[in-house]
Amino acid sequence: MRLDYFIATSTELSRKQAKQAISRGEITVNDQPCKSANTRLAGNERVARNGVPLVLPGERYLMMNKPAGVVSATTDSDHPTALDLLPADITRNLHIAGRLDADTTGLLLLTTDGQWSHRITSPRTDCPKTYRVTLNEPLPDSAAKELEQGVLLHNDPKPTRPARIKTLEERIIELTISEGRYHQVKRMMAAVGNHVEALHRIRIGQIELDTALKPGEYRELTCQEKGSLD
Ligand code: URA
């Protein structure tokens with residue numbers, strides 16, 4: 001696909017205005033300025049206008065830095081939802097791919113593409129999710145080993161799948177799990193006698209929370225980010 005066609009299809013610009021935007025130097029392809037309207041795109045490039053990533057219309061794929069106090073639901077009569085933080089014109093058919101508790105912050109993926117979100121949430125696909133966990137007490141090596149091997153959660157007969165743990169500070173760890181059971185991280189820490197004080201999701205598969213996003217902000221995924229979970 002030609003670059004000017006891509007710009008005209010992914011923005012409100014006409015083909016002529018797209019060419020003008022390209023020659024004004026507003027467009028980058030894979031972070032490099034591109035001033036040639038007839039550049040051919042293979043489909044996996046990151047195209048941006050004035051630094052804002054562009055995607056073709058159709059399915060929508062967003063990341064949000066979820067703030068605390070916002071629920072991961074499309075509607076809720078008592079609390080603000082993640083969808084309430086988005087402009088109304090882009091929320092149609094959006095759903096959340098992997099919920100977070102109201103007090104958990106960080107990476108939330110929203111999409112209109114049910115098959116794509118299924119790959120994130122289905123236990124079969126083993127999609128890893130990484131959390132920065134602030135604990136009440138330091139995690140002894142013995143507890144870290146138990147968590148890495150799998151622990152039994154309260155009222156759940158099946159042990160958790162093996163997890164990965166990296167200690168960042170005395171009471172802060174990075175935990176990677178590939179399941180999404182109810183309150184899983186909090187229950188895993190309770191299973192080894194600890195308690196979660198703060199929970200922040202930083203990665204799903206290869207998609208990292210963009211550190212430029214302040215709490216409550218969102219952006220479109222780049223084609224590369226979206227494609228990393230295809
Ligand atoms: N595990 C939890 O306990 N809470 C979350 O929000 C996500 C994972």
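Start with the whole chain: 34 Å separate the centres of domain 1 and domain 2, taken over C-alpha atoms. This is a predicted model. To see the two parts, colour residues 3-53 as domain 1 and residues 61-223 as domain 2.

Next, select the ligand. Where does the ligand sit? Show the protein surface and find the largest pocket; the ligand is in it.

Now select the residues around the ligand. Pick Leu 100, Asp 101 and Thr 104, then Tyr 131, among the residues that surround it.

Which helix gives the largest share of the shell? Select residues 184-191. This is helix 5, and three shell residues come from it.

Zoom in on the ligand's oxygen atoms. Move to His 183, where a backbone N or O atom lies 3.2 Å from an oxygen atom of the ligand. Then go to Gln 184, with a polar backbone atom 3.4 Å from a ligand oxygen.

Last, show the ligand's surface. Taken alone, the ligand exposes 240 Å². The protein buries 95% of that area.

Conventions
Residues are numbered from 1 along each chain as its sequence is written. This is a predicted model: local features need pLDDT of at least 70, side-chain atom pairs count only at pLDDT 80 or more; totals for chains, interfaces and linings use all residues. Side-chain values use heavy atoms; hydrogens and water are left out. Domain bounds come from an automatic or database domain assignment. A residue is near a molecule or strand if one of its heavy atoms lies within 4 Å of it. A polar contact is a pair of N or O atoms within 3.5 Å; within protein, one must be able to donate a hydrogen and the other to accept it, and residues adjacent in sequence count only if both atoms are side-chain atoms. Accessible areas come from the Shrake-Rupley method with a 1.4 Å probe; for residues, only the protein chains shown count as cover. On a 1 Å grid over the protein atoms alone, a cavity is a set of points where a 1.4 Å probe fits but cannot get out, and a pocket is an open set with protein on both sides within 12 Å along at least five of seven lines; lining residues have an atom within 4 Å of a point. A molecule sits in a cavity or pocket if more than half of its atoms lie within 2 Å of its grid points. Helices (H or I, at least four residues) and strands (E, at least two) are DSSP runs, numbered from the N terminus.
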